[in-house]
Amino acid sequence: MTMIALGGSIGTGLFLASGGAVASSGPGGALLAYAAVGLMVYFLMTSLGELATYLPVSGSFSTYGTRFVSPAFGFAIGWNFWYNWAVTIAAELSAATVIIKYWFPESSSMLWSLLFLILMFGLNALSSRGYGESEYWFAIIKIITVIVFLAAGLLMIFGILGGKPTGFDNFMLGGSSFHGGFFAFVGVFMAAGFSFQGTELIGVAAGESENPRRNVPLAIRQVFWRILIFYILAIFVIGMIIPYTNPDLLRGGIDDIGISPFTIVFNKAGLAVAASVMNAVILSSVLSAGNSGMYASTRVLFAMAKDGMAPKILGKLNRRGVPIYALLVTTAVGMLAFLASFFGDGAVYNWLLNASGMCGFINWLGIAVCHFRFRRAFKAQGHSLDELPYRAKWFPLGPLFAFALCMIAVLGQNIGAFTGENIDWYGVLVSYVSLPLFLLVWAGYRMFRKSRMIPLNECDLSSQAD
């Protein structure tokens, strides 16, 4: 479970976007933004830990929303989660075709999309153990890369590797480690939020884990600190070694691995094969993200079918315990990646990523709301907090703080679209379309099914899945 959560959150956000964060807001601004998001994620993960240990179910998000808020909220948050990760499959497949062309520039995008899609489907169709094993090894690759990067970077900072010590000259370039102003900081804050998304997958995996009441809290504690240390230390190393004015930091994208901040540092350390190695690592990262997305979205779709919020056939299991029909539907959405063959790999990747970008923050808002309602219902129905297998600290400050920062992230998704002389309406549409869709689904279900907010004393607090 630890590796699943690590694999879901360590990826292109760290290997590629971290350079842009340092370039936009300076090393100090990037560190502050990632630390603030890290604190928010800490509270969200402790909230999810309390829910997942008390009620460990596959597809936890829709179940928690239905039980502790309202059926309409559970319906909307479940479909939002499914859409988010199902589209992520397509986005990551599109990214994989771009990366593979580093070695095979004339190859077919459709062929690579199909091969990678078959690989993900096969790993998920075997069993939950097959998915878990594959994610374990994907995560191992990423963790080893980050550890080697941090070790090489620290040796360079102290002058043991690559020449003389760097000192704090690059970190304090221009007399300060903060640059770009408020809007640049907000932009980095958003990028940091995207980078940390995936940690919530541990809540979905809890329903199929052994002894979740022991393993979930342990995994959450380990995952948070490891991710925070990896991100904070990586940004510190980048800021110390590479001047934030280096134009290559802004150019490190999915189609140019050669100028990833990781590649730049490895090249400075004298590792001539850095670009090829990082290309392979980032390829494993996007495949891992797509694999995780397929697992999570399939389980949520299965849970909604069991709750009557999706077609019943999607709630059926095969003899290996895999919700095969939900998996097939989710895989079909992944076929959107084939559009890369017709509209250009980079353009399709960016379009798909933007279409699902806000959904992750909406999912996080849902965690905060569900935990706040659960704890209040738990007290209202006369239960003692000692009955909880795991208790989140700092309630109610934790979920309220996380909710507030998530709301800032949602509303500030593309604040730059409003700050120019003319409003960038296309940018507004691409960035914010997920929010009205979520509200429309919520309101539509509430109206047609006469759904209502569940009173606290009527919330279903049984610790067993239906």
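This is a predicted model: local features need pLDDT of at least 70, side-chain atom pairs count only at pLDDT 80 or more; totals for chains, interfaces and linings use all residues.
Student: At what angle do the axes of helix 5 and helix 14 cross?
Tutor: Helix 5 spans residues 71-100 and helix 14 spans residues 324-334. Their axes come within 8 Å. The crossing angle is roughly 50 degrees.

Student: How many nonpolar, polar and charged residues make up the contact of helix 5 with helix 14?
Tutor: The crossing of these two helices is right-handed. Helix 5 brings W82, A86, V87, I89, A90 and L93 to the contact, and helix 14 brings V329, T330, V333 and G334. By class the contact has eight nonpolar, two polar and no charged residues.

Student: How is helix 6 oriented relative to helix 14?
Tutor: Helix 6 covers residues 109-126, and its axis lies 11 Å from that of helix 14. The packing angle is about 165 degrees. Angles over 145 degrees count as roughly antiparallel. Helix 6 is therefore, relative to helix 14, roughly antiparallel.

Student: Which residues of helix 14 make the contact with helix 6?
Tutor: The crossing of helix 6 and helix 14 is right-handed. On the helix 6 side, the contact is made by L117, F121, N124 and A125. By class, the whole contact has six nonpolar, three polar and no charged residues. The helix 14 side consists of I324, L327, L328, T331 and G334.

Student: Is the crossing of helix 17 and helix 18 left-handed or right-handed?
Tutor: Helix 18 covers residues 397-411, and its axis lies 9 Å from that of helix 17. The packing angle is about 155 degrees, which means that the two helices are roughly antiparallel. The crossing is left-handed.

Student: How many nonpolar residues are in the contact of helix 17 with helix 18?
Tutor: Helix 17 supplies F361, W364, L365, A368, V369, H371 and F372. Helix 18 supplies P399, L400, F403, C406, M407, A409 and V410. The contact has no charged residues and one polar residue, and its nonpolar count is 13.

Student: Which peptide bond is cis, with omega near 5 degrees?
Tutor: Most peptide bonds are trans. The exception here involves P396, which lies in the loop between helix 17 and helix 18. The cis bond runs from F395 to P396.

Student: Which helix gives the largest share of the lining of the largest cavity?
Tutor: The structure holds one cavity of 30 Å³ or more. Its lining consists of L48, F61, Y64, I77, G366, I367 and C370. The elements that give two or more residues are helix 4 (60-68) and helix 17 (359-380). The largest share, three residues, comes from helix 17.

Student: How many charged residues are in the lining of the largest cavity?
Tutor: The largest cavity holds about 30 Å³ of space. Its lining has six nonpolar residues and one polar residue. The number of charged residues is none.

Key:
Residues are numbered from 1 along each chain as its sequence is written. Side-chain values use heavy atoms; hydrogens and water are left out. Axes are lines fitted to C-alpha atoms, for helices over the stretch in contact, and angles run from 0 to 180 degrees between N-to-C directions. Helices (H or I, at least four residues) and strands (E, at least two) are DSSP runs, numbered from the N terminus. A crossing is left-handed if the near helix is turned anticlockwise from the far one by less than a right angle, and right-handed if clockwise. Contact means heavy atoms within 4.5 Å. Ala, Val, Leu, Ile, Met, Phe, Trp, Tyr, Cys and Pro count as nonpolar, Asp, Glu, Lys and Arg as charged, and the others, Gly among them, as polar. On a 1 Å grid over the protein atoms alone, a cavity is a set of points where a 1.4 Å probe fits but cannot get out, and a pocket is an open set with protein on both sides within 12 Å along at least five of seven lines; lining residues have an atom within 4 Å of a point. Grid points are joined across faces, edges and corners, and a volume is the space filled by probe spheres set on the points. Angles under 35 degrees count as roughly parallel, over 145 as roughly antiparallel, 65 to 115 as roughly perpendicular and the rest as oblique.
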